[in-house]
Amino acid sequence: MTLSPYLRSGKSDDTGNANPAGRIRWTVASGTSQSGNFLKSFVNLGFNADENGRRVFDGVNPNIAARQVPLNLRFAVPGGAATLYEPGSEGTLWWGRYDDVARGRGVSSLLDRCTATKTCPKVIETFGSAEFWGLRMSPGLIGTAASTDLPLPASVRRYYFPATTHGGSWTGGFPVGGDPKLPICALPGNPNPSMDSLRAAQMMLVAWVRDGTTPPPSRYPTLAAGDLVEANAAAIGFPSWPGAPRPDGKLNAFLDYDMGEGFRYRDVSGAITRQPPAIRGTVPSRVPRVDADGNETAGVPSVQLQVPIGTYLGWNVQSAGFGKGGGCGFFGGFIPFAKTRAERMAVGDPRLSLAERYGDHAGFVAKVRAAAARQRAAGWLRDEDADRIISQAQSSQVLAD
């Protein structure tokens with residue numbers, strides 16, 4: 001008996017030990033990054049059905065998980081970060097059925113096996129900007145031809161947390177200089193958090209599974225809305241001024257590999273019999289467009305993005321070593337706003353200054369309070385998180401003198 005059905009049953013185990021859980025009625029799994037990739041592979045490979053044909057997880061939340069995890073193949077090293085020759089993006093990446101004509105892989109879905117056994121979980125997928133720029137998320141939304149939005153099944157919701165680094169900032173608050181800078185990246189770290197929105201999404205998943213409460217409609221960038229464009233400054237509408245970084249050349253290209261005859265692509269399984277894998281070409285990818293501040297517009301924006309203190313990026317600039325000048329992994333960057341109009345005009349920065357936006361510190365806090373109220377009313381911010389964010393704004397140095 002596998003763990004989830006055992007805990008559900010309330011019965012003793014095979015050796016007579018009492019069930020420590022009593023009786024569990026619902027099970028929900030959440031995985032972030034690699035463990036989110038694992039959840040996708042877990043469902044794709046049919047493991048959401050136990051040996052008796054019962055559903056294992058009633059709901060799953062793959063968070064910031066753009067790929068499958070390469071665990072079911074010879075010499076597997078589960079993990080990776082979508083760098084050269086690392087498997088994980090070769091197979092099925094979409095929740096609805098899609099014909100991968102561009103790579104010649106046929107029609108498939110991550111839910112094919114669980115649909116056949118009637119063991120599919122409810123799914124809430126969450127992710128942010130760095131997954132587009134650094135982890136090759138695009139084909140999961142618009143296919144390998146990048147020509148159409150792929151429809152989601154009724155059992156799946158997708159929520160996008162715009163303008164975030166991989167996993168969002170963990171420092172919180174409103175640091176005027178951004179998060180600490182990584183030595184290999186040229187720009188300060190992106191301080192825009194996603195945890196507050198993620199907690200709300202996970203509570204929505206629990207309510208969906210437990211109470212049948214339907215979550216709000218999916219919110220993410222689409223081709224139809226004009227949200228997804230090519231990864232260059234002109235296409236995304238990125239602001240320009242002397243010395244400003246540019247998004248051009250920062251996308252981690254999605255490569256189409258020939259892994260050899262022993263590799264089963266849909267399942268990221270089998271054996272890679274061609275080493276190194278041959279690169280057959282590049283799969284077209286798209287990224288979200290931005291506003292005049294350089295900030296993304298689609299999805300579920302955090303309070304910090306609604307009351308910005310700078311430009312929050314899903315990409316950064318590598319400052320040294322091999323690849324200098326290109327993208328800096330999946331670490332998002334930050335470009336602060338000038339404090340005053342005179343400061344921004346002196347460097348030719350077209351983005352409004354903090355003073356032009358908010359007037360003074362009290363005006364900034366008032367904007368944060370209003371944004372937090374909107375998020376709370378929409379169900380995207382818990383009360384305690386709203387109170388914390390307002391307190392952080394009050395104690396911040398934004399226009400504090």
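**A guided look at a predicted protein model**

Trainee: Where is proline 276 found?

Mentor: In this predicted model, proline 276 sits in the loop between strand S11 (269–270) and strand S12 (278–283).

Trainee: Is the peptide bond from glutamine 275 to proline 276 cis or trans?

Mentor: That bond is cis, and its omega is near -5 degrees.

Trainee: Stepping back, how many helices and strands does the protein have?

Mentor: There are 12 helices and 15 strands in the protein. Its radius of gyration is 22 Å, close to the 21 Å that the globule rule gives for 401 residues, so the protein is as compact as a globular protein of that length.

Trainee: And what does the C-alpha trace span along its principal axes?

Mentor: The spans are about 70 × 50 × 40 Å.

Trainee: What percentage of the residues is buried?

Mentor: Buried residues account for 54% of the 401 residues. As for the surface, the protein exposes about 16800 Å², and 56% of that area is supplied by carbon and sulfur atoms.

Trainee: Among contacts between residues at least 6 apart in sequence, what share joins residues at least 24 apart?

Mentor: The share is 69%.

Trainee: What about charges: how many are positive and how many negative?

Mentor: The protein carries 42 positive and 35 negative charges, and the mean positions of the two sets are 2 Å apart.

Trainee: New topic. How many disulfides does the structure hold?

Mentor: The structure holds 2 disulfides. A disulfide is a covalent bond between the sulfur atoms of two cysteines. One of them joins cysteine 114 and cysteine 120, with 1.9 Å between the sulfur atoms. The other joins cysteine 185 to cysteine 328, with an S to S distance of 2.1 Å.

Trainee: Where in the chain do cysteine 185 and cysteine 328 lie?

Mentor: Cysteine 185 is in the loop between strand S7 (156–161) and helix H6 (195–211), and cysteine 328 is in the loop between strand S14 (310–312) and strand S15 (334–336). The two are 143 residues apart, and their pair links distant parts of the chain. Both cysteine 185 and cysteine 328 are buried.

Trainee: Why does cysteine 114 count as buried?

Mentor: Cysteine 114 counts as buried because its relative accessibility is 1%, while buried means under 20%.

Trainee: Is the link of cysteine 114 and cysteine 120 right-handed or left-handed?

Mentor: The link of cysteine 114 and cysteine 120 is right-handed, with 85 degrees about the S-S bond. The link of cysteine 185 and cysteine 328 is left-handed, with -90 degrees. With the bonded cysteines numbered in sequence order, the pairing is 1-2, 3-4.

Trainee: You mentioned helix H6. Which residues does methionine 204 touch?

Mentor: Methionine 204, which is found in H6, touches Ile124, Tyr159, Pro215, Pro216, Gly379 and Trp380, leaving aside residues up to four places away in sequence. Methionine 204 and proline 215 are 11 residues apart along the chain, and their C-alpha atoms are separated by 5.9 Å. At 12% relative accessibility, methionine 204 counts as buried.

Trainee: And glutamine 304, is that buried or exposed?

Mentor: Glutamine 304 is buried, at 2% relative accessibility. Glutamine 304 belongs to helix H8 (residues 303–306), and among its contacts are Phe174, Tyr312 and Ile389.

Trainee: Let us turn to H2. How many of its residues are buried?

Mentor: H2 is mostly covered, with 8 of its 11 residues buried. The buried residues include Leu39, Phe42 and Val43.

Trainee: What do those buried residues pack against?

Mentor: The buried residues of H2 pack against S1, strand S2 (59–63), helix H3 (112–117) and strand S6 (122–128).

Trainee: What lies between strand S1 (28–32) and helix H2 (34–44)?

Mentor: The loop there holds serine 33, whose phi is near 60 degrees, a positive value in a residue other than glycine. H2 is followed by glycine 46, and the phi of glycine 46 is positive as well, near 90 degrees.

Note on methods. Residues are numbered from 1 along each chain as its sequence is written. This is a predicted model: local features need pLDDT of at least 70, side-chain atom pairs count only at pLDDT 80 or more; totals for chains, interfaces and linings use all residues. Side-chain values use heavy atoms; hydrogens and water are left out. Helices (H or I, at least four residues) and strands (E, at least two) are DSSP runs, numbered from the N terminus. The radius of gyration is taken over C-alpha atoms; the globule rule is 2.2 Å times the number of residues to the power 0.38. Buried means under 20% relative accessible area, exposed over 50%, partly exposed in between (1.4 Å probe, protein chains only). Contact means heavy atoms within 4.5 Å. Accessible areas come from the Shrake-Rupley method with a 1.4 Å probe; for residues, only the protein chains shown count as cover. Lys and Arg count as positive and Asp and Glu as negative; His and the chain ends are not counted. The place of a charge is taken as NZ of Lys, CZ of Arg, CG of Asp or CD of Glu. A disulfide is a pair of cysteine sulfur atoms within 2.5 Å.
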